[in-house]
Structures are given as C-alpha cells and as structure tokens.
Amino acid sequence: MKDLYKIHEIARLFYLHPDTLRYYEEKGLLHPLRGESGYRMYTIQDVCALNVIRSLRELDLPTEDIRAYLERRSVEETLSLLDRQESLLEEKLASLRAARQEARQRRKRLERYRAVAEGEVSVTEEESRPYVFLRENLILEKEIDFLLKKLERRHQDYIKVMGAQTMGAILDGESLRRGIFSHFSCVFFLTPPGGPRDALLPAGRYAGLFYRGRYDRLERHLETLLRGVRERGLTPAAPPLELYRVDVHDTRHEEEYVTELQVLVRD
C-alpha cells in the first residue's frame, strides 16, 4: 500500500475537482506534503480528514468551523459536534417539511383553478386579507413580474414567487376612469396569518370572475364583471384587482393562464 497519493488520485477517489482540494488547503483544512518536483502529495491522514470534511460540508458548516474541529478533534469535540449536527438536521427536516407542505399547496391550487369555470360573475363574502405590497405611481402590465420579484426580495424569508402565496395587482382607478385598462397602482402578495403585512384587503362582498389566457384580454373580462355588478344593483367600492391563480411560473402555454378578477362592492 502506498504512503503518498497524488492530487489527481485523491480527486478521483472523492469525485472532486483538484481545485477543490487546493481550496481546502488554502483554508487550512488539508496539509499535503510536497514531493521532490513540488507536486502535492497526500497521506492517509489527509484521506481521513477529507472523509470528515465531506460529511461536514453536507451540513453546510462553514470552512472555519470545520478547520477548528479538525484541529481540536477528540471524542469530546466529536460528541459536541454531534449535538450540533443533530440540531442542524432537525432544522433541515423542518425546512423539508415546510417545502413539502408548500408543494402540496401549490398542487392543490393548480388542480383547483385549472378546472374553474371562466367568465361567470359571482359575489362572495371575503374576510380581511393581509398583504404586502409595492406601490408605484404607475405600473404597466409588462412591469408586474419584475416588481413582484422585487417585492419577493424585500420579504425573502417569508415569500417566494414560486411558492404557495397568491400574487396579484390592483388596477389604477384614475386610469380606469380614463378608459385605460393596462395601468396598475401596486403589486402584492397575500400573506398568511402571523406573517408580515403592509395592509389588509378589506373584508366585505367581492364580485369576481375567472378568465383564461393572455392578460391583454383584461378589458373585455373587466367589462363583463362590471356589467354583472350593475345587474345585481351593486356599485364598485374600490379599484378592481387581479389574482394570478395560474401563470407563467406554472406553464409556458398562455392559454392555460388563469386570472381571477375581484372588485369590492356595496349596495
């Protein structure tokens, strides 16, 4: 059995790039010898150290903590590390459980809204809904996705564009009065109870309908919604809003988009 191993042998053994081994050396995790020609030569102790390094890197421990452990390694230090490892694994399990729940909620949303009836006006009672928002003087339809991403970044610990939260935008009331249907005043995410919030969508009666396809069909569907509101003897009490139930994050086929229009109404 050899006493020393070249860098390419160790890299192949651990499925690592040689640059990774050089990085570990730079960070003080490995201490290879130098051969007569200046090449790095690794001992069996380096192999054992790499086993430890790979295991701890899987826990996302920083290199500084790994180096400290390697330098002080003892049974007592290992027991202490195992306590930390167990705690980190519990955090990972909690994160995985949350991700699984979010995936289930997203599946439930897609299965519900891909089968929803289009163009039918209904009136429902809604409780107040907390939301976070990003407001601009004037938002064009083509800017909505960019601003939603900007809003997600502001609340990145709680909100994901690809998550289970409902995204939406509120139409600009002044633009609507001038017959312009492509201007919005803010974008928002609905947030769960106990989460962050900037305001509340008020409780009350909301008239709504679903439509499929491109967003440039908004004008026609909004006219259908407002006509249904008038036919019921009701009056809009706030600018309409859009809720993106199925969008570009779920499908590349525009005909599969599902958008819900809602407007708060009063007698």
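In this predicted model, strand E6 (residues 167-171) is mostly covered, with five of its five residues buried. Met167, Ala169 and Leu171 point one way from the strand, and Gly168 and Ile170 point the other way. In general, side chains in a regular strand alternate between the two faces of the sheet.

E6 has paired neighbours. It is joined antiparallel to strand E7 (residues 183-190) over five bridges, and glycine 168 stands opposite phenylalanine 188 of E7. Strand E11 (residues 241-246) also runs antiparallel to E6, through four bridges; here methionine 167 has tyrosine 244 as its bridge partner.

| Pocket | Volume | Lining residues by class |
|---|---|---|
| Largest pocket | about 1,100 Å³ | 17 nonpolar, 11 polar, 11 charged |
| Second largest pocket | about 350 Å³ | 10 nonpolar, one polar, eight charged |

The largest pocket is lined by 39 residues, and Ala164, Gln165, Thr166, Leu190 and Arg245 lie nearest its centre. The elements that contribute two or more residues to this lining are helix H5 (75-113) and strands E4 (122-126), E5, E9 (204-212) and E12 (258-266). H5 gives the most, with 10 residues.

For the second largest pocket, the lining holds 19 residues, of which Glu141, Arg214, Tyr215, Asp216 and Glu242 lie nearest the centre. Two or more residues each come from helix H6 (144-154), helix H8 (218-231) and E11. H6 gives the most to this lining, with three residues.

Strand E5 (residues 129-140) contains arginine 129. Arginine 129 counts as buried because its relative accessibility is 11%, which falls under the 20% limit. Beyond its neighbours within four places in sequence, arginine 129 is in contact with Leu190, Ala199, Leu200, Leu201, Tyr206, Leu243 and Gln262. One of these, leucine 201, is 72 residues away along the chain, yet the C-alpha atoms of arginine 129 and leucine 201 are separated by 5.0 Å. With glutamine 262, arginine 129 makes a polar contact between side chains at 3.0 Å.

Key
Residues are numbered from 1 along each chain as its sequence is written. This is a predicted model: local features need pLDDT of at least 70, side-chain atom pairs count only at pLDDT 80 or more; totals for chains, interfaces and linings use all residues. Side-chain values use heavy atoms; hydrogens and water are left out. Buried means under 20% relative accessible area, exposed over 50%, partly exposed in between (1.4 Å probe, protein chains only). Contact means heavy atoms within 4.5 Å. A polar contact is a pair of N or O atoms within 3.5 Å; within protein, one must be able to donate a hydrogen and the other to accept it, and residues adjacent in sequence count only if both atoms are side-chain atoms. Two strands pair if DSSP finds at least two bridges between them. On a 1 Å grid over the protein atoms alone, a cavity is a set of points where a 1.4 Å probe fits but cannot get out, and a pocket is an open set with protein on both sides within 12 Å along at least five of seven lines; lining residues have an atom within 4 Å of a point. Grid points are joined across faces, edges and corners, and a volume is the space filled by probe spheres set on the points. Ala, Val, Leu, Ile, Met, Phe, Trp, Tyr, Cys and Pro count as nonpolar, Asp, Glu, Lys and Arg as charged, and the others, Gly among them, as polar.
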